[in-house]
Amino acid sequence: MQARSLPNSSPTISGAELLFHELSGYLRPEDVSDLQNVYLFSQSAHSGQYRKSGEPYISHPLAVASILGKLHLDTQTLTAALLHDVMEDTHVSKSEISNRFGETVAELVDGVSKLDKIEFQTHADAQAENFRKMLLAMARDVRVILIKLADRLHNMRTLEAIRPEKRRRTARETMEIYAPIANRLGLNNIYQELQELSFHNLFPTRYRVLTKATKAVRGNRRETLKEILDAIKQCFHEAGLDTKVSGREKQLYSIYKKMVEKHLTFSEIFDIYGFRVVVKDIPSCYVALGALHSLYNPVPGKFKDYIAIPKENGYQSLHSTLLGPYGTPIEVQIRTTEMHRIAEAGVASHWLYKSSDADLNDIHMRTHQWLQSLLESLSDSDDSLEFLEHLKVDLFPGEVYVSTPQGKILTLPKDSTAVDFAYAIHTDIGNCCVAVKINGENASLRTKLRSGDRIEIVTASHAKPNPAWLTYVVTSKARSHIRHFLKTMQFEESAEFGKRLLNQALLSFNVDPQTISAAQWEKLARESGAKSKKELLADMGLGKHLPAVVARRLTTPGEAISMPSGANNAIVILGTEGMAVQFAKCCHPIPGDPIVGFIKKNQGLVIHVHDCSFIAKSRKNPNNWMDVTWSQDITRLFEANIKMVVANQRGVLARVATGIAESGSNIDNIAMEGDGDYTTMHFTLQVSNRQHLAQLMRGLRHIREVTRITRVSG
Ligand code: MN
């Protein structure tokens with residue numbers, strides 16, 4: 001140890017030296033020196049923080065950057081790796097990172113921090129698949145996932161310092177979520193190490209037993225291994241093939257998995273020898289395979305051609321199992337140099353083998369569509385910017401992944417709203433939803449959901465679907481349930497209202513509704529093309545038949561009928577008719593206003609104020625008009641519009657809003673037009689009746705800045 005170095009700091013300093021030494025192997029000197037500055041910045045941000053192991057915190061980001069350096073990742077990724085925990089754990093903000101190190105780096109750090117916020121709970125395999133997809137979907141830049149995987153890898157390597165309970169949870173999460181993601185991206189080395197570390201921490205005893213057993217038999221194998229290797233090399237030499245052959249050690253976890261899944265004993269698995277053959281081109285792969293099959297007999301049914309049909313992560317190779325000397329099973333993998341690169345580094349092979357990407361074209365032609373879409377832009381050109389642009393495209397463009405407060409993941413189509421989510425959970429939740437919290441904050445039901453959102457639907461037992469939802473829901477489930485509900489509700493309400501209209505009409509003919517027989521009803525329904533009495537009533541409520549006409553037909557022919565008197569003929573509006581009665585949007589009638597009813601075919605009765613200018617010209621046809629009057633005991637609120645001119649003074653809107661609230665009204669909408677010293681404010685308010693509105697307006701006139709206030713009606 002040098003005299004100058006301080007206790008505790010030596011591992012960090014040597015870690016940093018090692019990293020920058022490695023980086024100078026492939027980065028320009030000026031980039032390395034930029035990264036040294038990033039390191040110093042991160043170090044000071046994390047100063048005073050320590051890991052559970054007692055090391056200074058900076059050792060962690062340093063190690064993460066070093067893992068990514070081994071994959072030859074670019075400067076932006078390494079910068080973000082060094083900074084990946086500063087937003088979470090220190091006072092440094094996203095905008096500060098953006099100002100110092102650029103927007104891309106800030107986005108990468110922000111992306112990693114966001115992934116950290118997702119909480120994983122124990123879940124079934126199907127859930128795990130959804131979590132993996134959600135994670136991938138959230139990271140709009142694949143480099144975010146690479147940093148996250150390196151972060152997880154280092155945390156797994158240093159898990160001993162964590163208490164056992166948390167250790168197991170982290171290991172399970174790594175096994176279920178992160179290792180499969182590494183596999184999906186073709187990052188084979190990271191994938192295998194994550195698996196081994198998870199296995200070690202999940203099943204420490206099994207891991208120890210297997211390690212011991214492996215060590216014990218490895219010595220015995222050496223002889224046989226050399227014998228086979230020599231035979232294979234000799235065979236390729238005779239075939240005139242230029243190959244690289246190496247023995248393959250099995251991962252403990254893959255031995256364990258085979259034992260469990262295929263019910264094999266340890267020695268049955270360990271007796272299998274594995275070799276990898278790397279050749280220069282695809283024809284050589286098949287030549288090498290032919291040579292091996294003539295050296296040792298192949299086991300039938302064990303040949304797989306992943307060159308013709310690559311795995312979904314882009315992996316390509318020929319696999320075959322042979323019977324070696326003394327009947328020893330031999331597994332071989334045959335691939336080209338380029339396939340080997342993809343097999344080892346997957347999506348990261350772009351950075352790792354940047355200098356020699358000329359031949360990659362051929363491979364990409366055959367790799368799976370998904371990985372191909374990520375990689376193909378690099379075969380088009382060596383424009384790195386274009387490649388990065390490509391990587392930012394959503395990995396699953398058509399879907400969003402969101403969760404319930406309990407952590408259940410739902411997959412919804414793009415542009416889905418909170419209402420779609422509510423219906424996706426349960427029809428009753430959809431029908432009764434009134435509000436939503438997204439990531440803990442109140443939001444509008446029409447908010448479009450984004451991957452990673454946690455959605456909490458607020459329901460009320462009396463709530464009903466709103467027809468306006470149909471304008472923004474995207475799932476067919478939500479749409480059909482809303483339609484169905486509205487139709488049923490409209491039918492019920494229309495029938496109820498139709499009955500009232502008819503009774504009113506019958507009474508005005510001096511006929512007691514009770515005296516109409518079932519037979520009369522049936523006959524009339526049939527003649528009107530309705531299936532039942534109820535449907536006929538609903539049709540009347542919807543304005544398809546005029547009550548007076550129906551009433552006349554229901555009375556016994558020849559019976560004396562007095563003509564409707566007019567005065568007491570008015571239909572009483574209760575305000576509870578639902579969709580059977582609508583209040584016109586042009587004039588916003590409120591209780592106390594003189595009103596008229598307009599029968600709108602297929603929609604029911606629309607109430608207007610009697611002098612609504614909007615309807616003046618259509619009043620000529622008296623058949624569609626109906627006398628209506630307000631019930632004395634209406635309890636619901638109605639919309640009213642008022643217009644106010646106020647002097648522009650500080651806080652005037654607040655004073656007006658307070659005045660409105662104090663008189664027991666709600667504000668539905670506000671619009672304002674500035675006009676120099678004065679502002680015109682338009683309010684849509686909820687009031688009980690005319691008296692209520694008058695009292696409210698009186699109250700507002702007392703506010704000094706209010707110069708004029710009028711109700712807008714028609
Ligand atoms: Mn970290």
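Visitor: What makes His60, His84, Asp85 and Asp151 donors of the manganese ion?

Guide: In this predicted model, His60 and His84 coordinate the manganese ion through NE2, and Asp85 and Asp151 through OD, at 2.2 to 2.4 Å. A donor is an N, O or S atom within 2.8 Å of the metal, so these atoms qualify. Along the chain, the donors follow the spacing H-x23-H-D-x65-D.

Visitor: Why are His84 and Asp85 called buried?

Guide: Buried means under 20% relative accessible area. His84 has 0% and is therefore buried; Asp85 has 6% and is therefore buried as well.

Visitor: What makes helix H4 largely enclosed by the rest of the structure?

Guide: H4 spans residues 75-83, and seven of its nine residues are buried, which is why the helix is described as largely enclosed. The buried residues are Thr77, Leu78, Thr79, Ala80, Ala81, Leu82 and Leu83.

Visitor: How do you know that Glu22 forms a salt bridge with Lys70?

Guide: The closest N and O atoms of Glu22 and Lys70 are 3.6 Å apart. The criterion is a side-chain nitrogen of Lys or Arg within 4 Å of a carboxyl oxygen of Asp or Glu, so the pair is counted. This pair links distant parts of the chain, since Glu22 belongs to helix H1 (residues 10-23) and Lys70 to helix H3 (residues 59-70), 48 residues apart. The structure holds 25 salt bridges.

Visitor: Are Glu22 and Lys70 exposed or partly exposed, and why?

Guide: Exposed means over 50% relative accessible area, and partly exposed lies between that value and the 20% limit for buried residues. Lys70, at 53%, therefore counts as exposed. Glu22, at 29%, is therefore partly exposed.

Visitor: What makes Arg248 and Glu331 a salt bridge?

Guide: Their closest N and O atoms are 3.8 Å apart, and the limit is 4 Å, so the pair meets the criterion. The partners come from distant parts of the chain: Arg248 lies in strand S1 (residues 244-248) and Glu331 in strand S6 (residues 329-336), 83 residues apart. At 19% relative accessibility, Glu331 falls under the 20% limit and therefore counts as buried.

Visitor: How do you know that Asp31 forms a salt bridge with Arg28, and why is Asp31 called buried?

Guide: The closest N and O atoms of Asp31 and Arg28 are 3.1 Å apart, which is within 4 Å, so the pair is a salt bridge. Asp31 has a relative accessible area of 12% and is therefore buried.

Visitor: Why are strands S7 and S8 said to pair?

Guide: Pairing requires at least two bridges, and S7 (residues 399-403) and S8 (residues 409-413) have five in the antiparallel sense, so they pair. Val400 has Leu412 in S8 as its bridge partner. The two strands form a hairpin with five residues between them, and Gly407 in the turn has a positive phi of about 90 degrees.

Visitor: What makes strand S17 largely enclosed, and which strands pair with S17?

Guide: Eight of the ten residues of S17 (residues 638-647) are buried, so the strand is largely enclosed by the rest of the structure. S17 pairs with strand S19 (residues 678-687) in the antiparallel sense over ten bridges, and Ala647 stands opposite Tyr678 in S19. S17 also pairs with strand S20 (residues 706-712) in the antiparallel sense over six bridges, and Val646 stands opposite Val706 in S20.

Visitor: Why can Ile670 belong to a nonpolar surface patch?

Guide: Patch residues have over 30% relative accessible area, and Ile670 has 36%, so it passes that limit while being classed as partly exposed. Ile670 is found in strand S18. The patch of about 300 Å² is made by Leu653, Ile667, Ile670 and Met672. Strand S18 (residues 666-675) gives the most to the patch, with three residues.

Visitor: How many helices and strands does the protein have, and what percentage of its residues count as buried?

Guide: The protein has 28 helices and 20 strands, and 47% of its 714 residues count as buried. Its accessible surface comes to about 36,300 Å², with 51% belonging to carbon and sulfur atoms. Of the contacts with a separation of 6 or more, 67% are between residues 24 or more positions apart.

Conventions
Residues are numbered from 1 along each chain as its sequence is written. This is a predicted model: local features need pLDDT of at least 70, side-chain atom pairs count only at pLDDT 80 or more; totals for chains, interfaces and linings use all residues. Side-chain values use heavy atoms; hydrogens and water are left out. Patches are made of residues with over 30% relative accessible area and no salt bridge: like charges are joined within 9 Å, nonpolar side chains (Val, Leu, Ile, Met, Phe, Trp, Tyr) within 5 Å. Accessible areas come from the Shrake-Rupley method with a 1.4 Å probe; for residues, only the protein chains shown count as cover. Helices (H or I, at least four residues) and strands (E, at least two) are DSSP runs, numbered from the N terminus. Buried means under 20% relative accessible area, exposed over 50%, partly exposed in between (1.4 Å probe, protein chains only). Contact means heavy atoms within 4.5 Å. Donors are N, O and S atoms within 2.8 Å of the metal (3.2 Å for Na, K and Ca); water is not among the atoms, so sites may look incomplete.
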